[in-house]
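Here's a quick briefing to read with the model open next to you. We'll go through it topic by topic.

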Amino acid sequence: QVQVEESGGGLVQPGGSLRLSCAASGNILSINTMNWYRQAPGQQRELVALITSGGSTNYADSVKGRFTISRGHAKNTFYLQMNSLKPEDTAVYYCYAKIKTDLWVPTADYWGQGTQVTVSS
């Protein structure tokens, strides 16, 4: 059984910073891709940032230069550092990982439960 769990959301003023964490646990053989998504009220879920097993990263245009995705030193942990936050960054943020649990089982998609980020004065 695999679990993916986010933490670190909260309320922050415009211009402030937050760091989100995501930890995957359970029977994990390897993690191919780790992504952060967000969904604002009335909006579709959108990809914010991704990092591959090789360390390549990519970002949505709206967060480039402000957000940084990284792997943690702890195994199966990754982060989203969010700086210069804007009110339009307000959303529920979800971590996602494509995980392989067994040599004979295809990779599968795993989602966290989401963490609320609110940017407001």
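A disulfide here is a pair of cysteine sulfur atoms within 2.5 Å. By that cut-off, the structure holds 1 disulfide. Keep in mind that this is a predicted model.

**The disulfide**
- The bond runs from cysteine 22 to cysteine 95, with an S to S distance of 2.2 Å.
- Cysteine 22 sits in strand S3 and cysteine 95 in strand S9, so the link ties together parts that are 73 residues apart in sequence.
- The S-S torsion of cysteine 22 and cysteine 95 comes out at about 60°, so this disulfide is right-handed.
- Are these two cysteines buried or exposed? Both cysteine 22 and cysteine 95 are buried.

- An open sheet of 4 strands runs in the order S1-S3-S8-S7, and its pairing is antiparallel.
- S1 and S7 are the edge strands, each pairing on one side only.
- From one strand to the next, the twist averages 15°.
- S3 and S8 pair in the antiparallel sense over 6 bridges.
- Which residue in S8 is the bridge partner of cysteine 22? That's phenylalanine 78.

**The nonpolar core**
- The largest nonpolar core has 30 residues, and Trp36, Leu80, Met82 and Tyr93 touch the most other members.
- Strands that each supply at least two residues of this core include S1 (2–7), S3 (18–26), S4 (30–39) and S5 (46–52).
- S7 (67–71), S8 (77–82), S9 (91–100) and S11 (115–119) are also among the strands that each supply at least two.
- Which strand gives the largest share of this core? S9 does, with 5 residues.

**The aromatic rings**
- A pair of aromatic rings is described by how far apart the centres are and by the angle of the planes.
- The count comes to 4 aromatic pairs.
- One of them joins tyrosine 37 and tryptophan 111, a tilted pair at 4.9 Å centre to centre with 55° between the planes.
- That pair links distant parts of the chain, with tyrosine 37 in strand S4 and tryptophan 111 in strand S10 (residues 108–111), 74 residues apart.
- Tyrosine 37 counts as buried because its relative accessibility is 17%, under the 20% cut-off.
- Tryptophan 111 has a relative accessible area of 37%, so this residue is partly exposed.
- Tyrosine 96 pairs with tryptophan 111 too: the ring centres are 5.0 Å apart and the planes are at 55°, so this pair is tilted.
- Here the partners are 15 residues apart, tyrosine 96 in strand S9 and tryptophan 111 in strand S10.
- At 7% relative accessibility, tyrosine 96 counts as buried.
- Put together, ring pairs link Tyr37, Tyr96 and Trp111 into a cluster.

**Serine 56**
- You'll find serine 56 in the loop between S5 and strand S6 (57–59).
- Not counting residues up to four places away in sequence, serine 56 touches Leu50 and Ile51.
- Serine 56 and isoleucine 69 are 13 residues apart in sequence, and 10.0 Å separates them in space, C-alpha to C-alpha.

Conventions:
Residues numbered from 1 in each chain as written. Predicted model: local features only at pLDDT ≥ 70, side-chain atom pairs only at ≥ 80, totals over all residues. Heavy atoms only, no water. Core = buried A, V, L, I, M, F, W, Y, C linked by side-chain atoms within 4.5 Å. Buried < 20%, exposed > 50% of the residue type's maximum accessible area, 1.4 Å probe, protein only. Contact = heavy atoms within 4.5 Å. Pairing = 2+ DSSP bridges. Axes fitted to C-alpha atoms, helices over the stretch in contact; angles between N-to-C directions. Phe/Tyr/Trp six-rings, centres within 6.5 Å; stacked < 30°, edge-to-face > 60°.
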